[in-house]
Amino acid sequence: MAAVQVAYALSVPLLSVLLGGAVALVFLAGYLRRKRADIAHVPPSAVAAAPDLPKQVRPAAQNKKGRPQHHHASAADKEAAKKHHRLDLNTLRGHTDCVTALDFSSDACNLATVCADGVVRVFRIDDASSKSFKILKINLPAGAHPTAIAYSEGSSSVVVAAQALLGSSLYMYADVGAPPTGGNKQQGKLSPPEIKWDHKKIHGKESVLNLAAARATHGTGDGSTIVISCSEATDIKIWHGKSGKELGTVDTNQLKNNMADISPNGRFIAAAAFTADVKVWEIVYSKDSSVKEVNRVMQLKGHKSAVTSLCFTPDSEKIITASKDGTIRVWNINVRYHLDEDPKTLRVLPVPLHDSKGSTCLYEHMGISPDGIVLAVTSGSTLQWLCAETGVVLDTAEKAHEGAISGIAWAPRTIPNGGAPAFVLASCGDDKKVKLWLAPEVSST
């Protein structure tokens, strides 16, 4: 009887083990059948073609648990993903706050920017497609908040407008060229440029909206750089770029200014202000090349509302204006104004940009390419390129910046882009970025 009880006690655990093993074999067989079905589901042709397909359409790699594996994108992949527009060439980084203005040097080799962090940055642009750029940094005086910048005397010096508690100031820095790419690495350790001249409270307590500069090549001008500063009030001042001497002051008498520009030959000044009319002044040079006087010589009449932006054409004979009335006008100012001949409206073009409600957008910044073919304009965070001749939209970059665009500037000549020469536009914005854009092609038809 005892032997029977022992045999029974041993048979129960053994039976449990055998049953458990059978259940395990059933589950294992089911798993293997499912695995073979998954493998059979992927056609051999798809697997063979996968290496030639873009990464996003290849069969996802799986880990041991059958879950997709996650790969970290490379820096090149991340940069490519950020380029959301075909004309987007590059992004210049390093700013720690809003970029307020920018300007190219006359040789197009340097791009100077001013930032709300109180630093002037000069980027060496040897090729627009470069992975990195040499940078020269200049710290402005404490408490100075830069609002505008313009190159003076070619490529060697810049004039910066900055706002402080007591008003706006001008600072001129010489020898500001960033070191060439591949040059002497010790150049980056040289002493920063010093202030060559400065002026305080140039427009009282009002800030400077923009600076513009041009070489005095008209008439008896000696080629010196003339700089104008446009205040947010109604006055505009003219300065000698090298010496800092104040050469004159004009007043729009139109409640407030929007911006001002100087013609490429240093002859005319035009201002966009509160009213629909655009006033134009002429800088008259003496025989010794000094500025003799600044006279108002014409007024552009035709818009029905305030002019928000304007620019001169490269030949200094035309002005392009954009107004709140929803139109762009091209004016011929090469007239005998001394014989009371009025400037002529050559073309009236509709502003082609509209918001989500269908209302016409306002162009806040405007600039024309060095060949006079492409007109770049901005509205909010949108950058648009128009044919300067017809007004046809060549391309549009919505959300060109992650915030409002604060300024644009064309390189005054072509820049290498992957070795090939190209016209390049630079833009800056509240998103702490400076971007380089390729000029769109214009059909010859």
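Visitor: In what order do the strands of the open sheet of four strands stand?
Guide: This is a predicted model, where local features need pLDDT of at least 70 and side-chain atom pairs 80 or more, while totals for chains, interfaces and linings use all residues. Residues are numbered from 1 along each chain as its sequence is written, and side-chain values use heavy atoms, without hydrogens and water. Strands are DSSP runs (E, at least two residues) numbered from the N terminus, and two of them pair if DSSP finds at least two bridges between them. The pairing here is antiparallel, and the order is β1-β31-β30-β27.

Visitor: Which strands stand at the edges of this sheet?
Guide: An edge strand has a single partner, so one side of it is left without a neighbour in the sheet. That holds for β1 (88-92) and β27 (405-410).

Visitor: Which strands each supply at least two residues of the lining of the largest cavity?
Guide: A cavity is a set of points on a 1 Å grid over the protein atoms alone where a 1.4 Å probe fits but cannot get out, and lining residues have an atom within 4 Å of a point. The largest has a volume of about 50 Å³, the space filled by probe spheres set on points joined across faces, edges and corners. Its lining includes Ile328, Val330, Leu386 and Cys387. The strands supplying at least two residues each are β21 (327-332) and β25 (382-387).

Note on methods. On a 1 Å grid over the protein atoms alone, a cavity is a set of points where a 1.4 Å probe fits but cannot get out, and a pocket is an open set with protein on both sides within 12 Å along at least five of seven lines; lining residues have an atom within 4 Å of a point.
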